[in-house]
Amino acid sequence: MAAENNYWDRFSQRRVTRRRMLQGTALTGAGLAAAAVIGCGDEEEGGGTSPGTTTPPASGTTGGTPTRGGVFSWSGSVGQYGHLDSSQAPSIGPNQLALLWGDALLTYQASDMTVTPNVASGYEQPDQTTIVFTLTPNIKFHNKPPVNGRALTAQDVVYTIQRLIEPNTALLQPWRNDFRSVDRIEAPDNSTVRLTMKSPDASLLGTMGHWYAFIAPSEAVDQFTDFKTGEAAISVGPFVASGSWSRDTGGRFERNPEYFKQGMPYFDAVEHITTQTGAITWELVASDRLTRGIVSADEVNQGWDNRGHGLKRGTTGGSTPLNMPVNHNLDKFKDVRVRRALSLFIDRQEIVDFTYFGTPESRPSVAIPGYLEFWNISTEDTERLPWGWDASKKDADYQQANQLLDSAGVTTSNPLRFELMGWGGHPSQGFGEPALAYFQAIYKDRSGDRVQITPRGMEFSTWRDLVVRNEFEAELNVAGTGWEVDHVLSKFNESTGGLNYGRYNDPEMDRLIQRERSIFDTNERKAAVKAIIERIADQVSQVWMATGIENYQVVTGDLRNHHFATSAEHLGIEQFYFEA
């Protein structure tokens with residue numbers, strides 16, 4: 001694209017750069033996806049980020065004999081929700097923190113679809129609608145009142161799942177729909193849990209390994225209602241939350257001496273430094289103020305790798321998808337030709353270069369970014385998906401988009417007008433005010449004034465409430481998607497999906513998703529997912545643009561057994577240790 005047509009360059013002159021934002025900031029943390037995921041009532045939410053492409057651990061981060069001791073300090077955002085209860089917040093901050101003090105029945109790694117034992121030592125599936133879990137013996141809750149270190153029983157697991165799925169107007173319940181297939185859950189004895197499904201659901205094992213499914217003691221709920229505070233955060237995890245933890249200052253998580261994984265955790269404590277948004281600079285890690293922090297991709301592009309200090313860098317383990325949902329209840333967006341035109345007008349590579357600073361892990365996409373290659377959608381397949389991906393043919397795309405508008409009756413005398421909402425103060429270049437101005441300009445220019453956008457930036461809570469209530473025409477969103485592929489597909493595209501804020505309703509899409517959910521064979525399921533992704537691209541349920549890495553993890557050189565894929569997977573911090 002010619003330089004004069006690069007709208008990001010034009011509007012970047014008006015942006016506050018990450019480097020400028022970092023100046024004068026004592027400690028900030030990764031908060032993009034954490035703050036942007038939104039929800040209300042009993043609808044489910046995305047769990048922060050998509051699995052995406054991850055960078056393997058840097059050389060020297062694994063191996064050796066584990067040693068006890070030391071304090072792992074890290075900066076992490078608690079987002080707009082500002083508490084420790086991952087079952088009550090669809091944002092990354094509480095979710096990652098819950099992995100310090102909570103543990104679920106299983107652990108699930110999205111990158112290879114593996115489910116491994118955890119609180120459950122194993123499970124069996126006698127048929128497609130039944131799962132029987134056997135609990136790991138001798139597990140105890142944290143030795144904090146009112147639970148006081150009592151032994152875990154199967155009834156605690158039953159209570160945990162019932163708390164997540166039974167309607168409760170006093171709780172947010174953002175993940176409730178992930179358990180929609182559960183018919184009943186029972187405890188035949190103190191070490192066995194039997195779960196019966198209404199219909200086969202291949203995603204349910206992954207759901208049982210999610211961070212919001214931490215084992216919840218009923219006594220704590222009776223006393224505190226939820227697990228939002230340090231005092232209330234009681235489970236069976238590797239670290240015990242300090243009662244003094246707060247969203248403003250963070251706090252300390254002490255080693256759980258009764259942890260059920262023998263010899264773990266290796267750290268004496270984890271010190272969490274609460275931050276609200278943005279990214280920290282590598283200097284804070286290099287100066288030993290943090291063990292693990294976040295450096296922006298912009299900083300990396302400015303030569304971070306040449307600064308030494310023995311630091312290791314990797315992706316955050318996930319990626320932030322940028323998309324533009326439209327309100328399908330409005331007549332102006334019901335014609336698929338209009339939606340296809342809106343997709344064709346987008347130069348996705350241009351968005352990657354600006355929003356994600358051209359990071360190699362970032363990629364354009366017209367359907368569910370971050371899952372494509374993993375689910376048998378190769379780069380070549382992606383380029384063949386319709387309605388606007390191949391950067392080499394953008395001029396032809398713009399011409400085709402205008403032809404589609406012509407056939408739909410959208411002309412300069414009868415233009416498509418809509419308001420585009422965004423969180424005006426968001427630090428992301430792909431989501432805040434620069435982005436709103438960008439989309440206004442490119443649609444006006446590339447459509448020959450047939451598409452006329454009125455940008456509307458607003459405060460986060462106002463934007464969130466309007467989106468959840470479906471009171472918008474179009475909006476920019478970087479909502480996270482969780483880690484089980486069915487959660488992603490159903491949340492955004494199924495008619496009842498909790499992230500389907502535009503109320504997209506396609507019976508054929510619902511049929512395809514429900515079929516995919518019933519398939520337990522991995523290869524067959526991948527083929528079913530591919531068919532769904534192709535329909536998403538063809539029908540433009542929302543205008544997907546790109547997925548990318550805005551931030552990188554930075555860890556000190558003496559950290560061992562650390563892996564970088566932590567945003568969308570089990571943290572595994574109980575296995576980290578410092579080199580002696």
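Biologist: How many salt bridges does the structure hold?

Modeller: This is a predicted model, and the structure holds 28 salt bridges.

Biologist: What makes the pair Glu 258 and Lys 140 a salt bridge?

Modeller: The N to O distance between the side chains of Glu 258 and Lys 140 is 3.9 Å. The cut-off is within 4 Å, so the pair counts as a salt bridge. The pair links distant parts of the chain, 118 residues apart. Glu 258 is in the loop between S9 and S10, and Lys 140 is in the loop between S5 and H5.

Biologist: Why is Lys 140 called partly exposed?

Modeller: Its relative accessible area is 37%. Buried means under 20% and exposed means over 50%, so a value in between is called partly exposed. Glu 258, at 43%, also counts as partly exposed.

Biologist: How do you know that Glu 271 and Arg 252 meet in a salt bridge?

Modeller: Their side chains are 3.3 Å apart, N to O, and the limit is within 4 Å, so the term applies. Glu 271 lies in strand S10 and Arg 252 in strand S9, so the pair ties together parts that are 19 residues apart in sequence. Glu 271 has 27% relative accessibility and counts as partly exposed; Arg 252 is partly exposed at 31%.

Biologist: What joins Arg 150, Asp 156 and Glu 219 into one network?

Modeller: Salt bridges that share partners join these residues.

Biologist: Why is Asn 138 called exposed?

Modeller: Asn 138 has 73% relative accessibility. Asn 138 lies in the loop between S5 and H5.

Biologist: What is the phi of Asn 138?

Modeller: Phi of Asn 138 is near 60°, a positive value in a residue other than glycine. Most residues other than glycine have a negative phi.

Biologist: Which peptide bond is cis, with omega near -5°?

Modeller: The peptide bond from Met 264 to Pro 265 is cis, with that omega. Pro 265 is in the loop between strand S9 (251-255) and strand S10 (269-275). A cis peptide bond also joins Pro 145 and Pro 146, with omega about 10°. Pro 146 is in the loop between strand S5 (130-135) and helix H5 (154-165). Most peptide bonds are trans.

Methods:
Residues are numbered from 1 along each chain as its sequence is written. This is a predicted model: local features need pLDDT of at least 70, side-chain atom pairs count only at pLDDT 80 or more; totals for chains, interfaces and linings use all residues. Side-chain values use heavy atoms; hydrogens and water are left out. Helices (H or I, at least four residues) and strands (E, at least two) are DSSP runs, numbered from the N terminus. Buried means under 20% relative accessible area, exposed over 50%, partly exposed in between (1.4 Å probe, protein chains only).
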